[in-house]
Amino acid sequence: MFENGIIQSDQKFCIKNSGQPAVYLTGGTDLSDPPVPIFLRNGDLLVMSGEQRWVYHAVPKVLANTVQLDLPENIDEFHKSYLKSNRVNITVRQVNLNDKS
């Protein structure tokens with residue numbers, strides 16, 4: 001089944017946080033469910049499975065300029081500046097286009 005442009009699947013997926021720390025809110029499958037805050041640091045990896053794959057979630061706050069990152073020397077100033085005040089999220093999910101469920 002397709003929902004919000006994503007093929008529904010029971011496969012786990014992961015979220016990698018890079019850059020500055022952030023507050024991640026995970027809720028329920030209904031907007032009235034209370035959110036639970038999770039503190040994400042540079043390098044943290046969240047693995048989502050089961051019902052957690054379909055909950056409402058958000059990152060309401062990035063804690064800019066709070067962590068000194070060990071960045072490679074060859075990174076340019078634009079990207080250094082960006083990573084000092086922002087967070088980069090990488091999400092990896094398996095999608096099986098042949099899955100008819």
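Ser18 is found in strand β3, where strands (E, at least two residues) and helices (H or I, at least four) are DSSP runs numbered from the N terminus. The model is predicted, so that local features require pLDDT of at least 70 and side-chain atom pairs count only at pLDDT 80 or more, whereas totals for chains, interfaces and linings use all residues. Residues are numbered from 1 along each chain as its sequence is written, and side-chain values use heavy atoms, with hydrogens and water left out.

At 18% relative accessibility, Ser18 counts as buried; the term denotes a relative accessible area under 20%, with exposed meaning over 50% and partly exposed the range in between (1.4 Å probe, protein chains only). Ser18 and Arg87 are separated by 69 residues in sequence, yet their C-alpha atoms are 5.7 Å apart in space. Strand β3, which spans residues 13-19, also holds Ile15. Ile15 is buried as well, because its relative accessible area is 8%.

The chain comprises 1 helix and 8 strands, in the order β-β-β-β-β-β-β-α-β from the N terminus on. Of its 101 residues, 22% count as buried. The mean pLDDT, the predictor's confidence in each residue on a scale from 0 to 100, is 85 for the chain, and 84% of the residues reach 70 or more. Where pLDDT is low, the predicted coordinates should not be read in detail.

The loop between β7 (57-62) and α1 (77-85) contains Asn65. Phi of Asn65 is near 55°, a positive value in a residue other than glycine. With a relative accessibility of 59%, Asn65 counts as exposed. Leu71 lies in the loop between β7 and α1 and is classed as partly exposed, because its relative accessibility is 24%. Leu71 and Leu83 stand 12 residues apart in sequence and 9.1 Å apart in space, C-alpha to C-alpha.

Leu71 also belongs to the lining of the largest cavity, together with Gln20, Val67, Gln68, Leu69 and Lys84. A cavity is a set of points, on a 1 Å grid over the protein atoms alone, where a 1.4 Å probe fits but cannot get out, and lining residues have an atom within 4 Å of a point. Grid points are joined across faces, edges and corners, and the volume is the space filled by probe spheres set on the points. By this rule the count is 1 cavity of 30 Å³ or more, and the largest cavity holds about 40 Å³ of space. Its lining divides into 3 nonpolar, 2 polar and 1 charged residues; Ala, Val, Leu, Ile, Met, Phe, Trp, Tyr, Cys and Pro count as nonpolar, Asp, Glu, Lys and Arg as charged, and the others, Gly among them, as polar.

The charged end of Arg93 sits over the ring of Phe13, at 4.2 Å from the ring centre. This assignment requires NZ of Lys or CZ of Arg within 6 Å of the ring centre and within 35 degrees of the ring normal.

Key:
1 Å grid on protein atoms, 1.4 Å probe; cavity = no way out; pocket = protein on both sides within 12 Å on 5 of 7 lines; lining within 4 Å.
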